[in-house]
Amino acid sequence: MTTRTRLWLAFGLTVASTAALVALVGFRPTTHPSEAARIGVVRSSDEMEATLASPGPVRVETIVGADWEVDRSGLVNLSHPEAKRAGLEDGPEPIHIYLHVLRHPTRGTFLVDTGVERALRDDPEQAAIRGMVASFMGVEKMKVSTDTASFVAQEKGAIAGVFLTHLHLDHVSGMPDVPKAATVFTGPGEAAARGALNVFVQGSTDRALAGHPPLAELPFAADPSGRFAGVLDLFGDQSVFAIWVPGHTPGSVAYLARTPTGPVLFVGDTCHTAWGWQHGVEPGTFTADHARNATSLAALRALAERHPAMTVRLGHQELAARD
């Protein structure tokens, strides 16, 4: 058992002792306000997939904000039969913190997740993630390469919005560096979901979102084709789709962009690692609902299999290009 795992176990005991309080008070990941998003046309997954053979107008870029390492038991369900057959054991696993960029020819520039706040490296006592939470997350192991403030400063145009895959701290860390005029989109119920860990992380998430407009909750409806929980055509032109993939968190969202060279799928933390994607194994202790996460992961993998030209961007590792 790693030292970090022992710390998390001790943290878990503290969390368990507060469970009754959580049930009474109802801690959410953030107290930041939410409202219904004024964006998106409901589509079926069949309608979405019918567009994927044709090139699209969106240009994408993926930036590594930081290199990091965390416990493998959080990233991969080590109790899964596939993990046991492979002999996977707990230990430090190298990962990345990503900032993805979508450039739409008429709608502007959007981010998928937010990279790493500059203060996390340069002024950690003033960063949104600080104190006990930063210690338990092991942020001292992060090696920041491109902070979000540097990326924003180099952009010639405004950042129109942020499409969050979910509200975990390693995905909202860069929010303090995002211009305050940008609309921030989340999945259904993401900001309202209750959980014991939210007692500890709510303050950090609130600081990350401070000064930004209310979270815009994407208006999903049930997928008529039945493959996903829901599909939205975000701009109404079939260039970028949001796919509701609950499990890792209740409001987890994957995004699919049609680019000149083919579709690009951003799965968020429905799958953290290359091994997990290749073997169909959902995340471990970092995920909220293993059964729903496994269902969502299977649906995304099946989507990629049906469209071999699709590029897949995972939550925290690079997936080798298919032959």
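Just after helix H10, Gly-211 takes a positive phi of about 85°. Helices here are DSSP runs of H or I with at least four residues, strands are E runs of at least two, and both are numbered from the N terminus. This is a predicted model: local features need pLDDT of at least 70, side-chain atom pairs count only at pLDDT 80 or more, and totals for chains, interfaces and linings use all residues. Residues are numbered from 1 along each chain as its sequence is written, and side-chain values use heavy atoms, with hydrogens and water left out.

H10 itself spans residues 198-209. Its buried residues include Asn-198, Phe-200, Gln-202 and Leu-209. Buried means under 20% relative accessible area, exposed over 50%, and partly exposed in between (1.4 Å probe, protein chains only).

Now the salt bridges. Each pairs a side-chain nitrogen of Lys or Arg with a carboxyl oxygen of Asp or Glu within 4 Å. The count comes to 13. Glu-49 bridges to Arg-227, with the closest N and O atoms 3.7 Å apart. Glu-49 lies in helix H3 and Arg-227 in the loop between strands S9 and S10, so the pair ties together parts 178 residues apart in sequence. Glu-49 counts as buried at 12% relative accessibility. Arg-227, at 35%, counts as partly exposed.

Glu-49 also meets Arg-306, at 2.7 Å from N to O. Arg-306 lies in helix H12, so this pair ties together parts 257 residues apart in sequence. Asp-46, Glu-49, Arg-227 and Arg-306 are linked in a network of salt bridges.

Elsewhere, Asp-147 and Arg-121 meet at 3.0 Å, N to O. Asp-147 is in the loop between strand S6 and helix H8, and Arg-121 is in helix H6, so parts 26 residues apart in sequence are tied together. Asp-147 is buried at 3% relative accessibility, while Arg-121 is partly exposed at 37%.

On a 1 Å grid over the protein atoms alone, a cavity is a set of points where a 1.4 Å probe fits but cannot get out; a pocket is an open set with protein on both sides within 12 Å along at least five of seven lines; lining residues have an atom within 4 Å of a point. Points join across faces, edges and corners, and a volume is the space filled by probe spheres set on them.

One cavity of 30 Å³ or more is present. The largest cavity has a volume of about 80 Å³. Of its 14 lining residues, those closest to the centre include Tyr-98, His-100 and Asp-113. S4 gives the largest share of this lining, three residues.

The second largest pocket holds about 520 Å³. Its lining has 23 residues, with Thr-311 and Val-312 among those nearest the centre.
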